[in-house]
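Work through the exercises below with the model open beside you, and try each task before reading its solution.

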Amino acid sequence: MRILNIMKINYICNCSQADFNKNYSYWENRGSTSDEIGITNFLKNNFYLTNKKILHVGIGNSDFARQFCDNNQVYGITISKKETEHGNNLKLKNYHTFFF
């Protein structure tokens, strides 16, 4: 059996990644998906989110942070350097991004 040493993942943004050390562009310049909008609305309507620490996995365009960082600490992680740069450039209060 032959084992491939390159991991290749296909993403819904029509991009693929074989090397996590490159500067890929994913969702930093795109609108929020209907899924993210639905999750954000659900959280806003069903939970009292004030003075919380929130982990956001896959920060994309950072819209989630825009919605919640005024009254909470939002910690966002991503595998995209460009998403991290975009999030940091927004200079949102209480928003912390991390690249993995």
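**Exercise 1.** Is serine 62 buried or exposed, and in which loop does serine 62 have its place?

Serine 62 counts as buried because its relative accessibility is 0%, where buried means under 20% relative accessible area, exposed means over 50% and partly exposed lies in between, with a 1.4 Å probe and protein chains only. The model is predicted, so that local features need a pLDDT of at least 70 and side-chain atom pairs count only at pLDDT 80 or more, while totals for chains, interfaces and linings use all residues. Residues are numbered from 1 along each chain as its sequence is written, and side-chain values use heavy atoms, with hydrogens and water left out. As to its place, serine 62 sits in the loop between strand E3 (53-57) and H2; helices (H or I, at least four residues) and strands (E, at least two) are DSSP runs numbered from the N terminus.

**Exercise 2.** Compare the backbone of serine 62 with that of lysine 91, and then state the surroundings of lysine 91.

Begin with phi, which is near 70 degrees in serine 62, a positive value in a residue other than glycine. Lysine 91 also has a positive phi, near 50 degrees, and belongs to the loop between helix H3 (81-89) and strand E5 (95-99). Lysine 91 counts as exposed because its relative accessibility is 70%, whereas serine 62 is buried.

**Exercise 3.** Which residues form the largest nonpolar core, and which element gives the most to this core?

A nonpolar core is a set of buried Ala, Val, Leu, Ile, Met, Phe, Trp, Tyr and Cys residues joined through side-chain atoms within 4.5 Å. The largest one has eight residues, namely Ile54, Ile59, Phe64, Ala65, Phe68, Cys69, Val74 and Tyr95. Helix H2 (residues 63-68) gives the most to this core, with three residues. Next, follow tyrosine 95, which, apart from neighbours within four places in sequence, is in contact (heavy atoms within 4.5 Å) with residues including Ser62, Ala65, Cys69 and Gly76.

**Exercise 4.** What is the nearest side chain of opposite charge to glutamate 36?

Glutamate 36 has its place in helix H1 (residues 34-46). The nearest side chain of opposite charge is arginine 66, 8.0 Å away, and glutamate 36 is buried yet has no salt bridge, a term that requires a side-chain nitrogen of Lys or Arg within 4 Å of a carboxyl oxygen of Asp or Glu. For charge, Lys and Arg count as positive and Asp and Glu as negative, while His and the chain ends are not counted. A polar atom of the glutamate 36 side chain does lie 3.5 Å from the backbone nitrogen of phenylalanine 64.

Technical notes:
A polar contact is a pair of N or O atoms within 3.5 Å; within protein, one must be able to donate a hydrogen and the other to accept it, and residues adjacent in sequence count only if both atoms are side-chain atoms.
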